[in-house]
Amino acid sequence: MGLLSIIRKIKRKEKEMRILMVGLDNSGKTTIVLKINGEDTSVISPTLGFNIKTIKYQKYSLNIWDVGGQKTIRSYWRNYFEQTDGLVWVVDSSDVRRLEDCRMELANLLKEERLSGASLLIFANKQDIQGVLKPAEIAKALNLDAMDKTRHWKIFGCSAYNGEGLLEGFDWLIQDIASRIYVID
Amino acid sequence: MEDEEVEKTRASSMEVQDPIAQKKHAAMLERLSNLHQSRLQQSTSRRSATDSSSPAFESVHSFLARFSDAKRSLEAELRRFHALAASSGDAKSQIRPDLEKASAAISDLERQVAENSYFLPPYEVRSSLKTIAELKESVESAYADILPRKKFSFRSKASSNKVPTVVVQGAEEIIVSDDANSKLIARGSPGLRDLQNAVLVKHFSGEVEGDFTLADLHSCEVYLKGRFGALFIHRLRNCRIFAGPVIGSVLIEEVNDCLFMLASHQIRIHQAKDSDFYLRVRTRPIIEDCSRVRFGPYRLCYDGIDEQLKECGLHEETGNWASVDDFRWLRAVQSPNWCVISEHEFVGVTDISGLEEKNEIHGLST
């Protein structure tokens, strides 16, 4: 309890949150981060490694760790788990074929003890493309209802291409983390 | 001169001014000397004790002899316990104090090794520690055999309770997801699937198409005129694919002996072999688990393609087709998995303006 309260105090002073962006390759993680930061999203290479962005969001400062999703580098995700307050799992709603891969990777991730306290935001991305799966369908395919009941999670449809749904998702995530970590003032 | 005087006065003032500090100092010295005395006493008493128990002090040979004696007697004891336990149930309760004695003897042995370790050769220390560990283990197993006791443990409870539910959960999970996925796939995204020996021409003139899939094609030629939100390509063999611009990304997996002509924002290529890619990409294409793949520039031509490329931000040649990132080759030197197609080998500009839409399958005369 002592250590926890110290960490809480430090965090309260800085109002910092650590957010980890993960998901399969081609899901749009980097595009989401750049879009909410108001940067150009037209030239984004597949992430070889990771990007870190510090973004002021409301009164908080978000440290966003955007980690590459290619199969080869998924095993390195675990290096970023420590002290994660919020987890953002990004799904390519148009990629029906790899939904099973997506479900398995997410299930593996949620087994991780170091992430057990993190709030989970799921983005059903690419809703701008016509005919893609709706968030409810993604939730069903990923079997989200079977998740551990103690986990705070929510799924949002979004489009990193035109920005729709991104702020709603992040608003929920930040509120959820804040109500856990900081005494609501 | 002045300095000396200052020194003197300071020293004297220290002495005079601080009787309390002095007292403290004296007390501390006394404490320290007491500590030292007691330490000395302890060490001598310990030494005499070890001396009495080990007449040839600091002799490796005698230590080892004593150690192996102790080891033998302990082993004999343990064997006796096991025999007793096997013979009668009543004896079990009597064994208990004996077992405790044995484990006390083992820890005594361990202490002796620790005390004598400073003169023992490292090998002897290691081997005697190993012996002790083995003895401890066999005492533990004797405890378990002779006096089985319900141990409190989280594991046993969890396993007795949860195993069946976990199995059920797992089964349910699979069923649920299979169900969901099959439904989703049945609903399907637009695309061309499961075809052989066909020439397929699709003409999308109006709005930007959504995602489009090419999957499980064998020896096909595919011409897609139009713009796409995303393109998925999966399991192709011996195919030639020509497509208009893709606004989002292209994902290619498991293709062999194919030729692709694609323009897109991002292109990811996984598990491709012996294939050529003629690309225009706004970003660096990536390959993963590929071998013998080659790259060249996009050269497709049909009515209206220039406007379409422009709308998708792909009208400019970026040259990115020649700077491929290989996720399986994260080094500065060129990856052995891909190369640039030499210019004289480039396919010519492919003009598909004249091609009419057709979807029927007919044998290719190759």
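The model is predicted, so local features need pLDDT of at least 70 and side-chain atom pairs count only at pLDDT 80 or more, while totals for chains, interfaces and linings use all residues. Residues are numbered from 1 along each chain as its sequence is written, chains are lettered from A and ligands numbered from 1 in the order in which they are written, and side-chain values use heavy atoms, with hydrogens and water left out.

Lys225(B) lies in strand β4 (residues 221-225) of chain B; helices (H or I, at least four residues) and strands (E, at least two) are DSSP runs, numbered from the N terminus. Lys225(B) counts as buried because its relative accessibility is 5%, where buried means under 20% relative accessible area, exposed over 50% and partly exposed in between (1.4 Å probe, protein chains only). Not counting residues up to four places away in sequence, Lys225(B) touches residues including Lys202(B), Phe204(B), Tyr302(B) and Ile352(B), contact meaning heavy atoms within 4.5 Å.

Chain B contains seven helices and 13 strands, and 36% of its 366 residues count as buried. The largest nonpolar core has 56 residues; such a core is a set of buried Ala, Val, Leu, Ile, Met, Phe, Trp, Tyr and Cys residues joined through side-chain atoms within 4.5 Å. Ile233(B), Ile252(B), Phe260(B), Leu262(B), Phe277(B) and Phe295(B) touch the most other members. Strand β7 (residues 259-281) of chain B gives the most to this core, with 12 residues. Apart from this core lies another, of 29 residues, among them Tyr80(A) and Leu109(A).

Between the two chains, 34 residues of chain B are in contact with 34 residues of chain A. The area buried there is about 3,000 Å², of which carbon and sulfur atoms give 52%; buried area is the accessible area (1.4 Å probe) that two parts lose on being put together, summed over both. The count between chain B and chain A is two salt bridges, a salt bridge being a side-chain nitrogen of Lys or Arg within 4 Å of a carboxyl oxygen of Asp or Glu.

Glu253(B) forms a salt bridge with Arg98(A), with the closest N and O atoms 3.7 Å apart. Glu253(B) also meets Arg97(A) in a salt bridge (2.6 Å, N to O). This second pair crosses between chains, from strand β6 of chain B to the loop between β4 and α4 of chain A. Glu253(B) counts as buried at 8% relative accessibility, whereas Arg97(A) counts as partly exposed at 36%.

Within chain A, Arg98(A) forms a salt bridge with Asp25(A), the closest N and O atoms being 3.1 Å apart. Arg98(A) lies in the loop between β4 (86-92) and α4 (99-110) and Asp25(A) in the loop between β1 (16-23) and α2 (29-36), so the pair ties together parts 73 residues apart in sequence. Arg98(A) is buried, with a relative accessible area of 4%, and Asp25(A) is buried at 2%. A network of salt bridges links residues including Asp25(A), Arg97(A), Arg98(A) and Glu253(B).
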